[in-house]
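Student: I would like to learn how to read a model of this kind, one feature at a time.
Tutor: Then let us take a few features in turn, with the general idea before the case.

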Amino acid sequence: MLLTIEGLTKAYPGVVANDDVSFSVAEGEVHALLGENGAGKSTLVKMIYGLVKPDAGHMTLRGAAYEPAEPRAARAAGVAMVFQHFSLFEALDVAENVALGMEKPPRPRELAQRIRAVSEEYGLPLDPSRLVGDLSAGERQRVEIIRCLLQDPKLLIMDEPTSVLTPQEVEILFETLRKLSAEGTAILYISHKLEEIRALCDGATILRRGKVVATCTPREKSARELAEMMVGQTLTPPERGTRAPGEVVLGVAGLSVASPNPFGTSLKNVGFDVRAGEVLGIAGVAGNGQDELLLALSGELRSDAGAVVLKGKPVGTLGPEGRRAAGLVSGPEERLGHAAAPEMSLTENALLSGRVRRALVKSGFIDWKKTKGFAEEIVKDFDVRTPGVDVAARALSGGNLQKFVIGREILQDPAVIVVNQPTWGVDAAAAAAIRQALIDLAAKGAAVVVISQDLDELLEVADRFAALNEGRLSAPRPVQGLTVEEIGLMMGGAHDMEVAHVEA
Amino acid sequence: MMIGGIDIVVLIATLMVASTPILLAATGELVAEKSGVLNLGVEGMMIMGAICGFIAAVHTDSPALGFLAAAAGGIAMSLIFALLTQLLLSNQVATGLALTLFGLGLSSLVGQGYNGVKPPPSPDVNLGPLEQIPVIGDILFRHDWMVYVSLGLVAATWAVLRYTRAGLILRAVGENHDAAHALGYRVRLVRTLALAYGGACAGLGGAYISLVRVPQWSDGMTAGSGWIALAIVVFASWRPWRVLLGAYIFGGVTVLQLRLQAAGIAIPVQLLSMAPYLVTILVLVIMSARRGRAAMGAPASLGRIFHASS
């Protein structure tokens with residue numbers, strides 16, 4: 001056994017993140033840690049990587065006691081980690097980023113050569129002198145992986161590595177990981193993408209609410225069985241009826257706007273139509289213009305009047321209030337700080353977006369009674385678990401707040417709703433509820449635009465499908481009959497990655 | 001060489017002296033901001049450096065010990081700031097403003113009884129034959145040694161930030177403190193050290209005013225130099241050599257307007273006195289008009305509170 005973990009426990013105020021967790025990883029094994037958001041996977045690997053100190057329990061690495069006090073010690077023992085939210089520095093170049101992850105980096109010129117050598121060996125081409133801020137998500141991940149590989153790790157921890165990759169890039173990543181595992185490097189692979197785990201992993205430990213609930217060989221289980229072990233309940237996919245699409249409600253043509261963020265992606269000549277009763281799914285790897293598209297549709301970024309047409313009326317120059325009044329509402333990705341003001345109560349947050357369409361303000365004065373009623377309606381209709389509508393938005397869990405902000409928009413009876421990453425970081429039950437609500441809204445005759453990086457989600461809810469790649473939108477196609485390969489190509493293919501060609 | 005009744009050689013030579021306090025303070029603040037901390041207390045640290053240096057120099061009769069005491073005073077002030085913002089997670093803007101007010105008040109309390117006292121003189125460095133070079137010798141090689149120290153600090157700051165691992169870690173902490181923490185770097189320690197360097201430089205800058213430039217002590221004698229230093233860091237897009245440029249432009253306009261006043265040019269005195277500040281504002285506006293944080297070079301974590309939640 002390479003790594004053995006026994007009885008690891010870690011509690012935070014109000015929540016036990018890990019409760020008596022035990023499992024082991026053999027040399028060269030690809031071991032999956034499965035669980036929903038909040039199941040305790042991240043805390044567990046942070047303890048293995050020395051970022052968090054366990055309250056109880058112990059670990060052994062290759063037979064010796066292993067208690068890393070800090071990541072430095074973990075790296076010295078041969079444990080490396082690729083983070084879920086990249087631990088990269090955008091304003092620094094690739095070589096500097098790699099050097100920061102090493103104990104004793106070689107001289108800059110030598111380091112650049114080693115980066116080139118390792119990146120070619122594993123089929124992950126990278127230019128050491130490029131600024132990380134200019135790289136795509138897939139390329140950024142290569143920087144992280146190469147940073148780890150240069151230290152010759154015995155155990156490589158990967159936290160949700162595929163959430164930002166196209167299907168082709170995932171395939172290449174898996175080739176690299178299989179090569180590594182054949183060379184004897186163990187991999188601890190965290191994900192909630194079940195098919196990936198079935199394709200890649202030799203063993204799996206399943207966590208639920210901080211406890212190990214099962215250990216299994218993922219190849220012997222179906223994805224559905226794994227999901228039910230993870231969630232602890234039976235899952236039902238959302239229902240959808242067939243419906244005939246109506247008139248075009250939202251028409252976008254020749255939409256080009258510059259990104260407000262220096263490392264963002266500008267939109268280039270984006271065009272699509274959405275009809276009443278239709279759900280358009282927009283896929284894409286993170287950072288290909290999703291945020292900008294939401295801003296341009298919601299009205300936070302203005303464009304030419306004719307670039308965004310709502311029910312035949314040009315609205316491109318209107319701001320968010322104007323577009324809301326005309327029937328277009330939106331739900332951005334960032335819940336705290338963009339969709340909701342963290343320190344304000346649910347009632348106040350309901351007012352912020354519902355003011356116009358629900359007529360919550362009369363001659364400059366807030367109708368608090370009506371506003372409170374609106375907030376309570378959202379809480380009731382969307383099963384938001386909260387002690388009351390007077391609590392601050394930040395006090396809600398991710399899933400509950402997401403249900404609240406999506407519900408707030410849906411209950412405004414919009415003609416068009418645009419949402420970005422509606423179920424990001426939301427538990428499976430809440431995600432299913434949000435998807436169902438979007439489908440129901442479309443069934444009532446609204447046009448729905450769902451921007452998401454979760455392909456399974458899009459295939460579940462969308463009627464038509466398009467992909468953003470470097471700020472350009474592919475032509476929308478019906479979801480029925482689309483293959484994963486076709487979707488990958490629409491998303492921009494493999495971004496010049498090649499399959500690893502190291503001799504095993 | 002005379003133009004419009006102004007001797008250009010003397011003008012440039014005095015410009016270097018006039019700019020030195022701001023140059024020192026701005027170089028220190030640049031390092032602090034590169035680590036991601038916005039310390040608006042530069043003015044307070046400068047004035048404390050001015051009085052600490054003054055008192056030490058008067059009692060020991062040594063300008064060198066005076067400057068050492070000034071650096072220590074600046075560091076003490078910056079450590080108060082570090083304690084409040086890094087350990088107790090207070091708001092950086094409010095704490096910085098408070099530090100300035102605190103410094104101004106404390107210095108005038110400590111400095112009571114030192115009004116009108118003469119500090120020991122800081123002689124010019126004797127550079128022998130270099131001083132004899134026509135024009136260049138007069139401009140560059142007839143200054144007191146703090147002028148050369150300030151130039152050396154700019155060069156050292158640039159080299160350390162650009163070429164050393166310590167500089168890389170400092171920039172990394174300022175760029176993304178969460179990632180730096182995840183990689184195992186000690187964000188608070190790095191920032192505290194950067195703040196201390198900023199405090200030391202501001203202290204030296206303050207003492208340069210009270211020991212060389214004026215030289216005597218009066219309440220509030222830094223007269224806004226700390227704020228100009230802050231503006232120059234932004235003007236310089238957080239690059240050391242541009243700090244030098246910015247400080248010399250400001251110093252140059254200040255000296256020039258004094259000369260113009262003395263030469264009796266028919267421009268209202270008020271306008272001339274305003275000129276250095278107007279030029280600073282104008283340049284800042286022009287710099288900021290170029291959009292985007294990357295173009296400006298601001299550290300991405302600047303002013304954000306770091307809380308190690310994991």
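**Reading strands, helices and a contact**

Tutor: Start with one residue: Arg464(A) lies in strand 21 (residues 464–469) of chain A. Keep in mind that this is a predicted model.

Student: Is Arg464(A) buried or exposed?

Tutor: The way to decide is to count neighbours: a residue with 20 or more other C-beta atoms within 10 Å of its own is called buried. Arg464(A) has 21 within that distance, so it is buried.

Student: Which residues is Arg464(A) in contact with, leaving aside its neighbours within four places in sequence?

Tutor: The contacts of Arg464(A) are Glu278(A), Leu280(A), Pro476(A), Arg477(A), Pro478(A) and Val479(A). Look also at Gly281(A): its C-alpha atom is separated from that of Arg464(A) by 6.1 Å, although the two residues are 183 apart along the chain.

Student: Which way do the residues of strand 13 of chain A point?

Tutor: In a regular strand the side chains alternate between the two faces of the sheet. In strand 13 of chain A, Val279(A), Gly281(A) and Ala283(A) point one way, while Leu280(A) and Ile282(A) point the other way. Five of the five residues of this strand, 279–283, are buried, so strand 13 is largely enclosed by the rest of the structure.

Student: What does strand 13 of chain A pair with?

Tutor: Pairing is read from bridges between strands. Strand 13 of chain A pairs in the parallel sense with strand 20 (residues 447–451) of chain A, over four bridges. With strand 21 of chain A, the pairing is also parallel and has four bridges. Ile282(A) shows both pairings: its bridge partner in strand 20 is Ile451(A), and in strand 21 of chain A it stands opposite Ala466(A).

Student: Now chain B. Where does helix 1 of chain B kink?

Tutor: Helix 1 (residues 8–34) of chain B has a kink of about 45° at Thr20(B), shortly before the proline Pro21(B). Of its 27 residues, 19 are buried, so helix 1 of chain B is largely enclosed by the rest of the structure. Just after this helix, Gly36(B) has a positive phi of about 100°.

Student: How does the span of helix 2 of chain B agree with its 19 residues?

Tutor: Compare the expected span with the distance between the ends. At 1.5 Å a residue, helix 2 (residues 42–60) of chain B should span 27 Å; its end C-alpha atoms are 26 Å apart, which agrees.

Student: How many residues does each chain give to the contact?

Tutor: Chain A gives 20 residues and chain B gives 15. On the side of chain A, helix 2 (71–76) and helix 3 (94–100) each give two or more residues. The largest share, three residues, comes from helix 3 of chain A. By class, that side has twelve nonpolar, three polar and five charged residues.

Technical notes: Residues are numbered from 1 along each chain as its sequence is written. Chains are lettered from A and ligands numbered from 1 in the order in which they are written. This is a predicted model: local features need pLDDT of at least 70, side-chain atom pairs count only at pLDDT 80 or more; totals for chains, interfaces and linings use all residues. The bend at a residue is the angle between axes fitted to the seven residues ending there and the seven starting there. A residue is buried if 20 or more other C-beta atoms lie within 10 Å of its own, exposed if 12 or fewer, and partly exposed in between; C-beta atoms are placed from the backbone. Two residues are in contact if their C-beta atoms, placed from the backbone, lie within 7 Å. Two strands pair if DSSP finds at least two bridges between them. Ala, Val, Leu, Ile, Met, Phe, Trp, Tyr, Cys and Pro count as nonpolar, Asp, Glu, Lys and Arg as charged, and the others, Gly among them, as polar. The expected span of a helix is 1.5 Å times one less than its number of residues.
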